[in-house]
Amino acid sequence: MLLHGDFANFVTNFVPTLGNPASSAPGLAPYLAARDIDVWGVDRRWTLPSAYGDISDLGEMGVAQELGDITVALTFARAARLSGDRDKGRIVLGGFSHGGELAYAYAAANGRHVSAVAVLDAYYDIAPEHAELRELACANAAAGREALAQGVTDSDNSFFITLGELARSAPQAQSPVFSSYTNRGALLAMNGLTYLLAPYTPLYHLSAPILDANGDVAALRESSEDSVSAWFASAPPHQSLRETVELDEIWCGATPRPELSNIRVPLFYLGAAGAFGDYGLYSTTRVSSTDVTALVVRRFGPERVSEDFGHGDLLYAADAPTLAWQPLATWLLSH
């Protein structure tokens, strides 16, 4: 059961050839299905409204509701498998990015339907030596809480949609988002220098960049511009601010939350060296499971982390099937 990340749904993260616009990236879900792995997915509620659809209930879409929805999805999937092939087994719960954080939270809070957990590039607990990352999460959570108190509920995705659409339709025109760039350049900068806006790790980036002499992004190293622009352009228009705030509060550690020590089932962590990467390893040491496997996909040593495999490269890179999906499939087949 796969849980998607931000500005995405199950299709755009895991079956991008079916997205709108369609992507050239083949997709993790079909890859796993072709290897006789039964694949399911959950779309979070905020992915459903259209750009001008009813979002009056967006403010209710927090982590508790989402964990309940995951329970419903797992129950349905297990019932369908039982009626079809008489499989009574529990299901591996996997998630990418914030979907990985939710997978951790579900397994720690409930987990009765879960046989194992697979987290793709996310952390849950932040190591003590990285206090600045925890402080960032706390500051973001506080700002989000203030916005919620003022009645803001929609963390809309128009920023990503605009970047993706314009990079596809008018790549050489001046960007209305980052005026010093072309539309193509704006997409490249947002992917390769993501940490300038979202420093989840010091050099966090969505896609591995090829940097020029000035430190600007000249091209993308791993994922094609077609797949990355389609990822952005196909984003759901809306996203729950409450969810974002509550996930930041989990990272902050300032409120009651499910604890990783409750997790006793096997865990697989798949990180991207240029994103959460090594920073996600601490969370794997906090579970009670004795069956923990971790793999951080990397091209270079630590001196070139700014150019290394990025967050989205785990899903969209040309070499993702070899470097990331095959080890995940092998682990799934053994669990």
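Colleague: Why are α5 and α9 called roughly antiparallel to each other?

Modeller: The model is a predicted one. In it, the axes of helix α5 (residues 131–149) and α9 cross at roughly 150 degrees and come within 8 Å. An angle over 145 degrees counts as roughly antiparallel, and α5 and α9 are therefore given that description. The crossing of α5 with α9 is left-handed.

Colleague: Which residues make the contact between α5 and α9?

Modeller: On α5 they are Arg134, Ala137, Cys138, Asn140, Ala141, Gly144, Arg145, Ala147 and Leu148, and on α9 they are Leu241, Arg242, Val245, Glu246, Asp248, Glu249, Trp251 and Cys252. By class, the residues of this contact comprise 9 nonpolar, 2 polar and 6 charged.

Colleague: What makes the contact of α6 with α8?

Modeller: Helix α6 contributes Phe160, Ile161, Leu163, Gly164, Glu165, Ala167 and Arg168, while α8 contributes Asp226, Ser229, Ala230, Phe232 and Ala233. These residues divide into 7 nonpolar, 2 polar and 3 charged.

Colleague: Where does α4 meet α9?

Modeller: His98, Glu101 and Leu102 of α4 meet Glu243, Leu247, Ile250 and Trp251 of α9. The residues of that contact are 4 nonpolar, 1 polar and 2 charged. The axes of helix α4 (residues 98–109) and helix α9 (residues 241–252) come within 11 Å and cross at roughly 65 degrees, in a left-handed crossing.

Colleague: Why is helix α7 described as largely enclosed by the rest of the structure?

Modeller: Of the 10 residues of helix α7 (residues 183–192), 9 are buried, so the helix is largely enclosed. The buried residues are Asn183, Gly185, Ala186, Leu187, Leu188, Ala189, Met190, Asn191 and Gly192. Their cover includes α6, β5 (209–211), β6 and α8.

Colleague: What makes Glu222 a buried residue?

Modeller: The relative accessible area of Glu222 is 8%, and buried means under 20%; Glu222 therefore counts as buried. Glu222 lies in the loop between β6 (217–220) and α8. Apart from neighbours within four places in sequence, Glu222 is in contact with Ala208, Arg299, Phe309, Asp313, Ala317 and Ala318.

Colleague: How do you know that the side chain of Glu222 makes a polar contact with that of Arg299?

Modeller: The distance between the two side chains is 2.8 Å, and a polar contact calls for a pair of N or O atoms within 3.5 Å. The pair of Glu222 and Arg299 is accordingly listed as a polar contact.

Colleague: Is Ala318 buried or exposed?

Modeller: Ala318 has a relative accessibility of 63%. Exposed means over 50%, so Ala318 counts as exposed. Ala318 is in the loop between α11 (313–316) and α12 (320–333). The C-alpha atoms of Ala318 and Ala25 are 7.6 Å apart in space, although the two residues are 293 apart in sequence.

Colleague: What is noted about the phi angles of Phe7 and Ser97?

Modeller: Most residues other than glycine have a negative phi. Phe7, though not a glycine, has a positive phi of about 35 degrees, and Ser97, likewise not a glycine, has a positive phi of about 60 degrees. Phe7 lies in the loop between β1 (2–3) and α1, and Ser97 in the loop between β3 (91–96) and α4.

Colleague: Why are Phe7 and Ser97 called buried?

Modeller: The threshold for buried is under 20%. Phe7 is at 7% relative accessibility and therefore counts as buried; Ser97, with a relative accessible area of 11%, is therefore buried.

Colleague: Which residues does a cis peptide bond join?

Modeller: A cis peptide bond joins Asn20 and Pro21, with omega about 10 degrees. Pro21 lies in the loop between α1 (10–14) and α2 (28–33). Most peptide bonds are trans.

Terms used
Residues are numbered from 1 along each chain as its sequence is written. This is a predicted model: local features need pLDDT of at least 70, side-chain atom pairs count only at pLDDT 80 or more; totals for chains, interfaces and linings use all residues. Side-chain values use heavy atoms; hydrogens and water are left out. Contact means heavy atoms within 4.5 Å. Helices (H or I, at least four residues) and strands (E, at least two) are DSSP runs, numbered from the N terminus. Ala, Val, Leu, Ile, Met, Phe, Trp, Tyr, Cys and Pro count as nonpolar, Asp, Glu, Lys and Arg as charged, and the others, Gly among them, as polar. Axes are lines fitted to C-alpha atoms, for helices over the stretch in contact, and angles run from 0 to 180 degrees between N-to-C directions. A crossing is left-handed if the near helix is turned anticlockwise from the far one by less than a right angle, and right-handed if clockwise. Buried means under 20% relative accessible area, exposed over 50%, partly exposed in between (1.4 Å probe, protein chains only). A polar contact is a pair of N or O atoms within 3.5 Å; within protein, one must be able to donate a hydrogen and the other to accept it, and residues adjacent in sequence count only if both atoms are side-chain atoms. Angles under 35 degrees count as roughly parallel, over 145 as roughly antiparallel, 65 to 115 as roughly perpendicular and the rest as oblique.
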